[in-house]
Amino acid sequence: MYAISFQDAGRIRTLLRYMLSGGLVVVLMLVVGGCGSSTDRPSGNSRASETVQQATPVISPSARPSMKQETQPVQAAQPALTTTRRPTSTSTPVTPKSAPTSAPDTRTRPQAQPTSTPAPEPVQLGPEITAWLDQSARLINEVSGTSEALRTGPDVQVLLNTAILAFLDGHSLTTESMAALNEAISQLPPLVYAFPTTGQSVAAADIDGDGELELIAGYNLFGVRPAWFDLGSDELKAQAFPTQDPEKDFYGMTVVHSITDLTNEGIADVMLVTTTPGTSTLTEAVRVFTWNDDGPRRVFDIPVVSWADPARWELRTTGGRAEIDTACAIFGHYDIKQLPHPELTRTFAWDGTWFVEIQRTVSPPVSTHDQINRAEAAFWAGAYGPAVSLYTEVITSPVVSEDQDLPIDWEGLARLRISQISLLTGTNASSELKHVVQRGGVIGLIGQTMLDSTGTRNALQPFVALQRLNLKANPPTGNHGHIQFPVDEALVLALGKALEVGLQDVAPDQLSRRTIFNVLGNMGFDVRDAIVGDLNDDNTLEAIVSIVRNSERIIGPPVNDFWFLRQTENRWVVEPAPVIGDAAIANGIRQISPRRSAFALIEPGAGSERSIYLSFDGNHIQLWFSQPTLADMEPTNPFDRRQITECRHQAGDS
Ligand SMILES: [Ca+2]
Ligand SMILES: [Ca+2]
Ligand SMILES: [Ca+2]
């Protein structure tokens, strides 16, 4: 099932004919002579389709009569060139579609082929392999420095896969022959990027455990996808490694980082690392494949992204147990790239089926904003005890760093949150609110508004007052209390938390849109819209509620923020719904499967509107920009869950 799909039959036929023909020189003359048809070159605007074109030739067993005998001994003595064994064919070779259309360049024309075995040291790859590599080099050089180079990987791929097939046809997989092949491939000019490698272009190992070596090729060239070649199969061909998205994965430079056994059953596994540079980013996709009867299984797949800070990863094989560490700069609710970030280190180990996370460690706080971010993660998850401890640390022992240059009142924000938590947990907030008022500024204004409504009636009342608060009103006197980006006004007000108070007596299966409107409306709290449903089939309802916020916006609908309401430990907990503009409109619920549903919203835009979907798996909210399928929401491979790639603070990080 993982065999490469043959997107380009013409290309394959071409190469197959070539492989079956005895006339290498003739082929190359035709190739360099410009027989490539311009009509079948990849179009410039369809990179997606090009990257899946891992077209590879197939050699039938009859075309390679003695492959088994050659490859069975792992350390076979003498590689033998195959030209004398190659069956002849009268079919007309045609150039690969990517062949250069420039004038012939005789430099790449191979010399007459030797009929005797080459000298044992060093291993000579032979003219056929060299010719295909030269052809690759010519193609790379031809597009060098142009945007075409970004799209040329699949074409180079065809040539290189063919070179590998020629190599396998003429050489045993020995240390020496593999070294020669690695060396030859490393001599190719860089395609788009040149990076120091963290592995080999090609490697040999028995990865399926049948006692015969396979050849694994990463190539280390931009846009050239890795392949593996199974000498034990009936049909020798380049086979693909399975990925989540064949069109996008491996869009980078892939090397074979490791071919050791990482899964403790004595059979080699393959770790591939794909490096992809971007604008001010560098991504290393680290993947591990183990084999079963169907071919390679992807059992580890984490992108290590250097963006704000360098990211790292490490494969450790200590004590016979393989562990993979990844480290990334962790972000929180209020964050920007320029601020200092702590590091999240995750350790993954084999559990018999997958590499699973066995440890998660966040380095100590590096700044006040980092302390606030950790506290916010706990606050929004409804973990109020830990949240209060973390906010208290901001007040009593702030870690002052670059963020002291930001005019943001972190202490005031911490004190405001402690006050809000008091309201949410039914304890007296007055004394802490008086501290908040003393901060002055917007924070002080919020504190004053809450204080004025505290202790009189329902605990919901301070939130009702906040909903009507004009943040431009005169603040109480004080030298602090300023907030600005990346601190979000809507999150500071936390109006959605009013739902936790207002709905606390509503049972998990009794929630309805009408109930939300009635309960909160009776207290004077203005709910704009709500969708209620059980998104994850656990007989507990979820809701997304849009709540109006006072603003000076004149044009367009009133500013309203979306809040996600869920049950946690037998109470309602509210967190901000991710990335939805304050002008969005609730648009009902969509059933994805008998067990899964998603809330739908529409976000108006200038001349266009887009639909947004929110799903919930019991732990995480997931945002989608098109209606997700069940396979999207519940991928069979755990590494295909977007959550696993995120580097963000969670409640419980301390
Ligand atoms: Ca094998
Ligand atoms: Ca293994
Ligand atoms: Ca539910």
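1. In this predicted model, strands β19 (residues 597-604) and β20 (residues 609-616) pair in the antiparallel sense, with six bridges between them. Within this pairing, Ala600 faces Tyr613 of β20. The two strands belong to an open, four-stranded sheet with the order β18-β19-β20-β21 and antiparallel pairing. Its edges are formed by β18 (585-591) and β21 (621-624), each of which pairs on one side only. On average, and with direction ignored, neighbouring strands of this sheet are turned by 25° against each other.

2. Arg566 has Val573 in β17 as its bridge partner. The two strands form a hairpin with two residues between them. Glu569, in the loop between β16 and β17, has a positive phi near 50° although the residue is not a glycine. Glu569 counts as exposed because 7 C-beta neighbours lie inside 10 Å, and a residue with 12 or fewer is classed in that way.

3. Asn220 also deserves attention for its backbone. Asn220 is not a glycine, yet its phi is positive at about 55°. Most residues other than glycine have a negative phi, and most peptide bonds are trans. Asn220 is located in the loop between β3 (214-217) and β4 (227-230). Is Asn220 buried or exposed? Asn220 is buried, because 30 other C-beta atoms lie within 10 Å and the threshold for burial is 20 or more.

4. A further backbone feature is the peptide bond between Phe485 and Pro486, which is cis, with omega about 10°. Pro486 is in the loop that runs between α13 (461-468) and α14 (489-493).

5. The largest nonpolar core contains 81 residues, and those with the most contacts inside it are Ala163, Ile164, Val202, Leu215, Ile216, Phe229 and Phe300. Helix α6 (residues 153-170) gives the most to this core, contributing ten residues. Leaving aside residues up to four places away in sequence, Ile216 touches Val202, Ala203, Ala205, Trp228, Val256, Ile259 and Val270. There is also a second, separate core of 78 residues, including Leu424, Leu466, Leu499 and Val527.

6. Helices α8 (residues 368-380) and α9 (residues 384-396) have axes that come within 8 Å and cross at roughly 165°. The two helices are therefore roughly antiparallel. Their crossing is left-handed. On the α8 side, the contact is made by Thr368, Gln371, Ile372, Arg374, Ala375, Ala378 and Phe379. The α9 side supplies Pro386, Ala387, Leu390, Tyr391, Glu393 and Val394.

7. Ser306 is part of strand β9 (residues 295-306). With 17 other C-beta atoms within 10 Å, Ser306 is partly exposed. Not counting residues up to four places away in sequence, Ser306 touches Thr281, Leu282 and Ala311.

8. For the protein chain overall, the secondary structure comes to 17 helices and 21 strands. Of its 654 residues, 46% are buried. Among contacts with a separation of 6 or more, 62% are between residues 24 or more positions apart.

Notes:
Residues are numbered from 1 along each chain as its sequence is written. Chains are lettered from A and ligands numbered from 1 in the order in which they are written. This is a predicted model: local features need pLDDT of at least 70, side-chain atom pairs count only at pLDDT 80 or more; totals for chains, interfaces and linings use all residues. Two strands pair if DSSP finds at least two bridges between them. Axes are lines fitted to C-alpha atoms, for helices over the stretch in contact, and angles run from 0 to 180 degrees between N-to-C directions. A nonpolar core is a set of buried Ala, Val, Leu, Ile, Met, Phe, Trp, Tyr and Cys residues joined through C-beta atoms within 7 Å. Two residues are in contact if their C-beta atoms, placed from the backbone, lie within 7 Å. Angles under 35 degrees count as roughly parallel, over 145 as roughly antiparallel, 65 to 115 as roughly perpendicular and the rest as oblique. A crossing is left-handed if the near helix is turned anticlockwise from the far one by less than a right angle, and right-handed if clockwise.
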